[in-house]
Amino acid sequence: MAENDGPHGFTSVNTPLSTAAPPAPAPAAGVKRKRESKGALKFYGVRVGKEPGIYHTWAECLDQVRGFPKAMFKSFTSLTDAQHFVDADADSMGSSGIGGVGAGKATKWYGVRSGRVPGVYTSWAQVLDQITGWKAPKHKGFKTRIEAELYVKEGQQSGGLADGMVESIEQADGIPAQKKAKTAQKPDVRPIKDEFGFFIDTHGTATGGVVTNEYEPGAAPLPSDAEDGFDPSITIDHTTNSLRYKTGAERTKMKYQAMRPAQDAPIRIYTDGSSLSNGQISAIGGVGVYFGPGDKRNISEGLTGTRQTNQRAELTAISRALEVAPRDRKIIIFSDSNYAINCTNVWFHKWRENGWVNASRKPVENRDLIQKIIDTLEERYRMNKHRHQDYEEEDDSVDPDDSAKPGPWERGPAGVKFVWVKGHAKDEGNNAADSLATAGAREAKELVEGVPGDEYS
């Protein structure tokens, strides 16, 4: 049986009863216990009324729905079915804070009153499928499904009951259908006008001309977001070589647009080092520097020197990046080596004060590479010192979106920022630098041993 409702606005449903149904015929908690002793046993589910719940007599049900706007109720011969009817929309109440249910479900419901297929939808893409190219579309978003359902039904039944009257979604016990029909008003079936003044009926025909409810692709008036006189809601169907409306999924898909780099934006560089058989006498190291896809400044080469360790490869990669990068631009160096970053940003202060010996009074490992990087960074600062007058102290940050305290080398218009990234994770830049470093090590191994590097992977 079809569900009907009155002309009033939506009224929120109270917290639904528990869905756990006790053994019949004992009623659930909060359910009225009085029931008729004669005739077949019936359960009246009141989904929308003064006190939603399950009742056992028509009189009790009528007390809950008489005079209540948009009352919704139905009778059942099974207590479980009645309980399911009452709780049917509980999953849509979570978004509005009722009962705390519905976590992970749809958080918004869209009612399409006028469109290709009127109904309730849970995504904007689905709504676009129904209204794109449709004349005089009508739709609205709601926080609960029941609100959206009532909105759609109001469009299907523009007329309704008089104020204060209720209409069941079933034939009321003991009330003849003819008598009940007299209480209802005649539907208000007013035709809809489109923007050209044609009256459109529900079947898509019109008086005054042959007009349908749907525009042919390319024939609709241009929307407000049209660019260069082109409707963004249509596209070319390459299978038929004709125009068609884009689907909702196509219109809501994330679009990426190439843009020029912002002025004075920092250059992002990824560095990595590799050492095949690290820690062994036969170890061969490689260096990787990644500026971007197909960038001619990318570096993939073997590690020079007699000590082929992973730490020296990491430091060498940073040094090579500083050599290649423009010396008048801000740069950000991404490395997965905490050791290399700490050496060049934190520990070097004490080491230099102590004559390049560590806390154990032993010479600092890899001093030659660390000192080379420090010298390059200091020279970089001196070269751009004449430009510092254009930069105040608060501008000493390479990345303005980073709220962290600037590092020691983030000074002036050519500052350098060091950022640690997790290695062998999902960072595409780091993975690319790692591939370049590994390739450099393999190529070096082939030159040294004269055999393909893959045999030693």
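This is a predicted model: local features need pLDDT of at least 70, side-chain atom pairs count only at pLDDT 80 or more; totals for chains, interfaces and linings use all residues.
**Exercises on aromatic contacts, a cavity and a hairpin**

Tyr 44, Trp 58 and Phe 73 form one aromatic cluster.

**Exercise 1.** Classify the ring geometry of Phe 142 and Tyr 151, and state whether each residue is buried or exposed.

*Solution.* Step 1: the structure holds 9 aromatic pairs. In the pair of Phe 142 and Tyr 151, the ring centres are 5.4 Å apart and the planes stand at 50 degrees. Step 2: planes under 30 degrees apart count as stacked and those over 60 as edge-to-face, with the rest tilted; the angle of 50 degrees therefore makes the pair of Phe 142 and Tyr 151 tilted. Step 3: buried means under 20% relative accessible area. Phe 142 has 12% and is therefore buried; Tyr 151, at 13%, likewise counts as buried.

**Exercise 2.** Determine how the rings of Phe 348 and Trp 409 are arranged, and where in the chain the two residues lie.

*Solution.* Step 1: the centre-to-centre distance is 5.6 Å and the angle between the planes is 25 degrees, and the pair is stacked. Step 2: Phe 348 belongs to helix 8 (residues 338-353), while Trp 409 lies in the loop between helix 9 and strand 16 (416-420). With 61 residues separating them, the pair links distant parts of the chain. Step 3: Phe 348 and Trp 409 are both buried.

**Exercise 3.** Describe the largest cavity and its lining.

*Solution.* Step 1: the model contains 3 cavities of 30 Å³ or more, and the largest has a volume of about 80 Å³. Step 2: its lining comprises 11 residues, with Leu 377, Tyr 381, Trp 409, Arg 411 and Ala 414 nearest the centre. Step 3: by class, the lining of the largest cavity divides into 6 nonpolar, 3 polar and 2 charged residues. Step 4: helix 9 (residues 367-383) gives the most to this lining, with 3 residues. Step 5: two of the residues nearest the centre, Tyr 381 and Arg 411, are also in contact as charge and ring, with the charged end of Arg 411 over the ring of Tyr 381 at 3.8 Å from its centre.

**Exercise 4.** Characterise the pairing of strand 10 with strand 11 and the turn between them.

*Solution.* Step 1: strand 10 (residues 234-237) and strand 11 (residues 242-245) pair in the antiparallel sense over 4 bridges. Step 2: Asp 237 has Ser 242 of strand 11 as its bridge partner. Step 3: the two strands form a hairpin with 4 residues between them, and Asn 241 in the turn has a positive phi of about 55 degrees.

Notes:
Residues are numbered from 1 along each chain as its sequence is written. Side-chain values use heavy atoms; hydrogens and water are left out. On a 1 Å grid over the protein atoms alone, a cavity is a set of points where a 1.4 Å probe fits but cannot get out, and a pocket is an open set with protein on both sides within 12 Å along at least five of seven lines; lining residues have an atom within 4 Å of a point. Grid points are joined across faces, edges and corners, and a volume is the space filled by probe spheres set on the points. Ala, Val, Leu, Ile, Met, Phe, Trp, Tyr, Cys and Pro count as nonpolar, Asp, Glu, Lys and Arg as charged, and the others, Gly among them, as polar. Rings of Phe, Tyr and Trp (its six-membered ring) pair if their centres lie within 6.5 Å; planes under 30 degrees apart count as stacked, over 60 as edge-to-face and the rest as tilted. Buried means under 20% relative accessible area, exposed over 50%, partly exposed in between (1.4 Å probe, protein chains only). A charge sits over a ring if NZ of Lys or CZ of Arg is within 6 Å of the ring centre and within 35 degrees of the ring normal. Two strands pair if DSSP finds at least two bridges between them.
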